[in-house]
Amino acid sequence: MGRYVLRRLLQLVPVFVGTTFLIYWLVWSLPGDRFAGKCGEKPCDPTYIAKMTEKFNLDDPLVLQYLKYLGKLLTGDFGENSSEVAIGSLINEAYPNTLRLALVALLIEAVIGLAAGILSGLRGRGFVDSLTLVSTLFLISLPVFVTGFALQILLGYELQWITPTVTDSPAPWGQLIAPGFVLGSLSMAYVARLTRTSIAENRRADYVRTAIAKGQPPRRVVGVHLLRNSAIPVVTYLGTDLGALMGGAIVTEGIFDIKGIGFLVYDGILGKDGATVTGVVSLLVVVYLLANLLVDLLYAVLDPRIRYD
Amino acid sequence: MTVESIVDSEAAGPLLAVDELFVEFRTRDGVAKVLNGVSYRVEAGETLAVLGESGSGKSVTAQTIMGILDTPPGVITGGEVRYHGENLLAASAKRRREVRGSGIAMIFQDALSALNPVFTVGFQIEEQLRVRRGMSRRDARKRAVELLDQVRIPNARDRVRQYPHEFSGGMRQRAMIAMSLALDPELLIADEPTTALDVTVQAQIMDLLREIQLDRHMGLILITHDLGVVAEVADRIAVMYAGRIVEQSDAVSLYRQPGHPYTQALLDSLPRLDLKGARLNTIKGLPPSLIDIPAGCPFHPRCPRVRDVCRTDVPPAHRPAAGRLSACHFAEELISGE
């Protein structure tokens with residue numbers, strides 16, 4: 001196990017370098033004048049351009065630019081954006097919001113998705129099962145911005161149960177429930193369906209029959225024997241999804257005005273702020289890779305038949 | 001206790017009595033009559049072998065006894081399962097659960113799939129002791145090691161922490177047996193316990209079952225399709241065909257002089273040392289479809305001794321000799337060696 005983790009961590013190095021270079025290259029080679037609009041209506045004055053060119057090593061070849069950037073990044077220095085604000089502090093402000101939103105979304109999709117999946121998987125054909133299948137199909141077919149705006153209008157403006165936009169930063173947990181539901185709705189539908197299939201498949205498994213034949217109480221037969229096996233694919237999915245959720249939700253954060261990572265990236269792209277985009281996305285790459293590694297390790301814990309080494 | 005008194009006694013209240021059991025499977029293709037009046041009984045310390053082809057109903061009978069029959073599609077349409085005289089089919093779900101494991105335990109054909117892959121062997125044994133007996137974690141672990149020792153698993157102390165997939169086939173079946181013994185059941189149902197194993201391992205498992213059964217004076221129902229397995233361990237044999245028991249007898253007499261043409265055909269199809277190189281005998285035709293069981297004697301389309309009466313009349317239970325039952329019109333002829 002130790003050697004496996006080490007090998008996986010070493011594999012992260014080339015993946016990290018490759019992805020960050022790709023991002024760097026894409027962002028800094030965007031066509032158009034990168035100083036257009038940076039200084040209001042008039043063109044930027046030459047001293048500003050010279051300063052920025054110096055700061056971002058714009059006269060160097062791209063590879064050298066990237067290497068200089070990477071060197072600073074590895075010391076934890078994300079650099080500054082074109083308004084000379086430290087990107088590190090922007091991330092520090094934005095990340096708690098994204099993290100909270102991701103956790104709320106994960107909680108909602110895990111609790112509701114699992115519950116619906118278990119119920120419909122255990123009952124088999126019938127009302128609960130049909131309800132689960134139809135409602136999840138509905139959620140899967142709807143784009144997030146539709147769910148988002150629909151809930152915002154319904155709950156925020158019509159019924160006035162929620163504040164239509166998140167007002168503070170860091171965002172209060174209560175205000176994140178509706179956005180969390182929007183963000184998690186698609187995965188919630190997948191979790192429900194995955195759980196349902198998994199439970200239905202394992203329900204007639206021999207070891208479940210054994211547990212019944214042992215005279216174990218029904219609660220234990222389902223809650224321990226059946227669930228523990230059925231949870232393996234679901235937990236794996238949830239783990240991967242957490243990695244994706246922490247990447248920030250550009251659409252959801254946009255609709256509910258949450259000052260999170262997605263918001264930051266969106267702003268950076270609009271403002272052609274290469275340093276912000278590269279910095280944030282590099283961080284997301286690391287988060288995503290680590291989340292995936294954790295999932296793989298968790299998989300071995302959940303299923304003892306899987307061995308790494 | 002003599003064989004006769006076992007078959008005939010009503011009053012004594014045997015350990016387990018299956019009485020006129022009828023089970024149907026309601027499927028899309030029609031109603032399959034899986035059990036058509038199965039009766040047998042088992043006394044403490046006795047081994048009853050239930051013999052038959054796939055689909056003859058031997059496993060369904062066992063599942064009905066245990067209460068683990070899948071319903072639907074299965075429907076119990078008649079009969080009783082009496083454990084110490086108490087009809088389990090009429091008992092509450094709670095009472096049935098009490099009996100499972102502590103009164104009647106069961107082991108299955110494929111121990112790999114019957115054991116839960118994500119829990120250690122120890123956990124699965126200890127679970128019985130902790131949940132059913134309220135034992136502490138430490139006592140349960142100690143007892144689990146003892147049980148694994150009893151079924152002769154080497155290094156039980158270390159093995160108890162391993163998962164089923166880390167055991168060999170024979171060891172898994174031993175672990176399964178240890179688990180079934182955790183609550184000291186009075187009756188063990190072994191559903192083809194050796195079918196998935198090597199021949200040498202088969203013999204070891206049968207020896208182990210035999211020994212445990214004698215030690216604990218436990219009743220044993222051994223379900224198998226293998227006549228060879230049965231010969232050494234069974235006190236009595238019940239032969240099933242198309243959801244009926246076609247012959248019931250003590251093991252010795254059955255081998256010496258079968259009382260039903262089906263039993264005869266099964267015995268004839270065994271490989272024999274003195275007929276080396278010869279083709280094995282087989283039973284012609286296929287087992288009947290349970291949705292459409294032939295009229296009269298269900299075996300008549302495949303029977304070498306078929307006569308007109310077999311095609312029309314269901315044979316009643318004959319008692320061709322003391323302690324023997326046969327559902328053949330000509331049972332007496334067969335036994336007297338015609």
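Here are some notes on the predicted two-chain model above, taken point by point.

1. Ground rules. Because this is a predicted model, local features need pLDDT of at least 70 and side-chain atom pairs count only at pLDDT 80 or more, while totals for chains, interfaces and linings use all residues. Residues are numbered from 1 along each chain as its sequence is written, with chains lettered from A and ligands numbered from 1 in the order in which they are written.

2. Domains of chain A. Across the boundary, 14 residues of domain 1 of chain A are in contact with eleven residues of domain 2 of chain A (contact: C-beta atoms, placed from the backbone, within 7 Å). On the domain 1 side, α1(A) gives the most, with ten residues. That side divides into ten nonpolar, two polar and two charged residues (Ala, Val, Leu, Ile, Met, Phe, Trp, Tyr, Cys and Pro count as nonpolar, Asp, Glu, Lys and Arg as charged, the others, Gly among them, as polar).

3. A helix pair in chain A. The axes of α1 (residues 2-28) and α3 (residues 62-74) of chain A come within 10 Å and cross at roughly 120° (axes are lines fitted to C-alpha atoms, for helices over the stretch in contact, with angles from 0 to 180 degrees between N-to-C directions). That makes α1(A) oblique to α3(A) (under 35 degrees is roughly parallel, over 145 roughly antiparallel, 65 to 115 roughly perpendicular, the rest oblique). Thr20(A), Phe21(A), Tyr24(A), Trp25(A) and Trp28(A) of α1(A) meet Leu62(A), Gln65(A), Tyr66(A), Tyr69(A) and Leu70(A) of α3(A). By class, this contact has eight nonpolar, two polar and no charged residues.

4. Where the chains meet. Here 17 residues of chain A are in contact with 22 residues of chain B. On the chain A side, α8 (206-213) and α9 (218-246) each supply at least two residues (helices are DSSP runs of H or I, at least four residues, and strands of E, at least two, numbered from the N terminus). The largest share, six residues, comes from α8(A). The chain A side has five nonpolar, five polar and seven charged residues.

5. The sheet in chain B. Four strands form an open antiparallel sheet in the order β2-β1-β4-β5 (strands pair if DSSP finds at least two bridges between them). β2 (30-42) and β5 (86-87) of chain B are the edge strands. Between β1 (residues 16-27) of chain B and β2(B) there are ten bridges, and Glu24(B) has Lys33(B) as its bridge partner in β2(B). Helix α2 (residues 58-66) of chain B lies across β1, β2 and β4 (74-83), at about 110° to β1(B).

How values were computed: Two residues are in contact if their C-beta atoms, placed from the backbone, lie within 7 Å.
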